[in-house]
Amino acid sequence: MTAIKHFPAYLHDIQQEIEGYAKGFGLDFYPIIYEVLDYKTMNEVAAYGGFPTRYPHWRFGMDYEQLSKSYEWGLSKIYEMVINTHPAYAYLLEGNSLVDQKIVMAHVCAHVDFFKHNYFFSKTNRKMIDGMANHAARVRRHMARHGQDVVEDFIDTCLSLENLIDPMSAYIVRSRETKPEDEDDPSDKSGRLRAKGYMESFINPPEYLEAQKKKREEEAKKQKRRFPEQAQRDVLQFLIEHAPLEHWQTDVLEIVRDEAYYFAPQAMTKIMNEGWASYWHSKILTQKALDASEVVDYADANSGVMATSPGRLNPYKLGVELLRNIEDRWNRGQFGKEWDECDSMEQKRHWDRRTGLGNRRLFEVRKLYNDITFIDEFFTLEFCVEQKFYAFGFSERSGNWEIMSREFKKVKDQLLKQLTNRGQPVILVEDGNFENRSELLLRHVHEGADLDPGQARDTLKNACKLWTRPVSLLTRTPTSLEPVLYDVQAANDRAPKSPSFMK
């Protein structure tokens, strides 16, 4: 990688100025370290996800070639990058105008404020630069011992499954450990109901206690037979704990899983994060940092960031417009029971209680929400109509993608479906000993979107490589509400699945 250039003094002065304005508006962020990169080095760092060091793998080279060609052909340009660490590291593109650099610095201040205070980033590793370097060293050691091709092929397999994690596991408890029952308290085992002494024979007759005891014993036997006891969302963690992998393979899979969890909050808050940064770079520059001679250049650059194209969602545009809408609504008192119960669009259009709570509400939203909860709560009918949103889909009649509806509910539902689990299917580990053959059964949580059979089978093949036994997936097809089972053999073919399972 090209040597990183010294940070110029004039850019340092601009940084101090922009950060002073940002703090004056109430933003609170980690110290930011900037580096100036030429476009080639910028593409190299971008291919590594913003980190200067990653483990060796061909996909980073592929990403670099794609970014380089896109830049050379004028299709895209990376103005800035910032990573979620403490201190935060950000990169500026050499050759950008001073206006562009001001935009980037203001944008970065808001990003780092979001990283620091948003709840969904609170569980991430703030020293991930060291973590990535450590991962790279471990993978290189495995390659030196087992061969580059062998390790790289295994990484390919792991990366094809990296989305099979539980993004919410860092914030909620999926299952709790149950304390062992007290051996000296037979009532816990027998299901005896609390009763005073003189009512004991009526409340807890012997036949009732015996029936409860048998019921508990049967449930205990069922729980012992089930593996895992409950369907498990984190497929990668299950494979790490139970798949017959060599030590180095387990280590590589843990690396892939660790990095998948690090990047998960960024996917969960893309619209909010970019909207927050765009909102503040606009306010900082237009109200404080721009000279009169720079306004036109700023407007030209900002319009390119906010531009939308038919059929594509621009997270910058949606995020900033929704935040501005929230600020305006809370400044005018357009919330609460009275507002919700008002049915007059005309009255709502002129509603102004002069509450002035917009700024405070914005910081609350920044702290507590992710994209799904953000859209679910604040994407209102009035906002949908004002911004002219529509739902689109593929028309079998014309063979083209077309506008299907402008109905608010359909538009919002389609938007939420795109954001749920990052638009990817939810897969659970259903049974680690399927049909008592040490086979793995996965289950697709069907919520209206069908799996692509080809991609499903390719994924199962890679899961099969890790499990070393046949892997099956339970899902539904578009033509039937009955469950359908895809399965992939690990080695020899065997008899087809029993149809009784699908009934």
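**Close-up 1. Helix α21 from end to end.** Helix α21 (residues 453–467) has 15 residues, which at 1.5 Å a residue should span 21 Å, and its end C-alpha atoms agree at 20 Å apart; the expected span is 1.5 Å times one less than the number of residues. Helices here are DSSP runs of H or I with at least four residues, strands are runs of E with at least two, and both are numbered from the N terminus. This is a predicted model, in which local features need pLDDT of at least 70 and side-chain atom pairs count only at pLDDT 80 or more, while totals for chains, interfaces and linings use all residues. Residues are numbered from 1 along each chain as its sequence is written, and side-chain values use heavy atoms, with hydrogens and water left out.

**Close-up 2. The start, the buried residues and what follows α21.** At the start of α21, the backbone nitrogen of G454 has a side-chain oxygen of D452 within 3.0 Å. Along the helix, the buried residues are A456, L460, N462, A463, C464, L466 and W467 (buried: under 20% relative accessible area, with a 1.4 Å probe and protein chains only). After α21 comes T468, with a positive phi near 65°.

**Close-up 3. The second largest pocket.** This pocket holds about 900 Å³ of space. Its lining has 29 residues, and G423, Q424, P425, D450 and L451 are the ones nearest its centre. Two or more lining residues come from each of α20 (408–419), β7 (439–444) and α21, with α21 giving the most, six residues. On a 1 Å grid over the protein atoms alone, a pocket is an open set of points with protein on both sides within 12 Å along at least five of seven lines; a cavity is a set where a 1.4 Å probe fits but cannot get out, and lining residues have an atom within 4 Å of a point.

**Close-up 4. The largest cavity.** Searching the whole structure turns up one cavity of 30 Å³ or more. The largest cavity has about 50 Å³ of space, and Y39, N43, L67, Y71, S76, K77, I78 and L93 line it. Helices α2 (39–47) and α3 (58–72) are the elements that give two or more residues to this lining.

**Close-up 5. The surroundings of A22.** A22 sits in helix α1 (residues 9–24) and counts as buried because its relative accessibility is 0%. Beyond its neighbours within four places in sequence, A22 is in contact with L27, F29, C109 and I284 (contact: heavy atoms within 4.5 Å). W280 is 258 residues from A22 in sequence, yet their C-alpha atoms are 8.0 Å apart in space.

Definitions and conventions. Buried < 20%, exposed > 50% of the residue type's maximum accessible area, 1.4 Å probe, protein only. Points joined across faces, edges and corners; volume = space filled by probe spheres on them. Polar contact = N/O pair within 3.5 Å; in protein donor to acceptor, adjacent residues only side chain to side chain.
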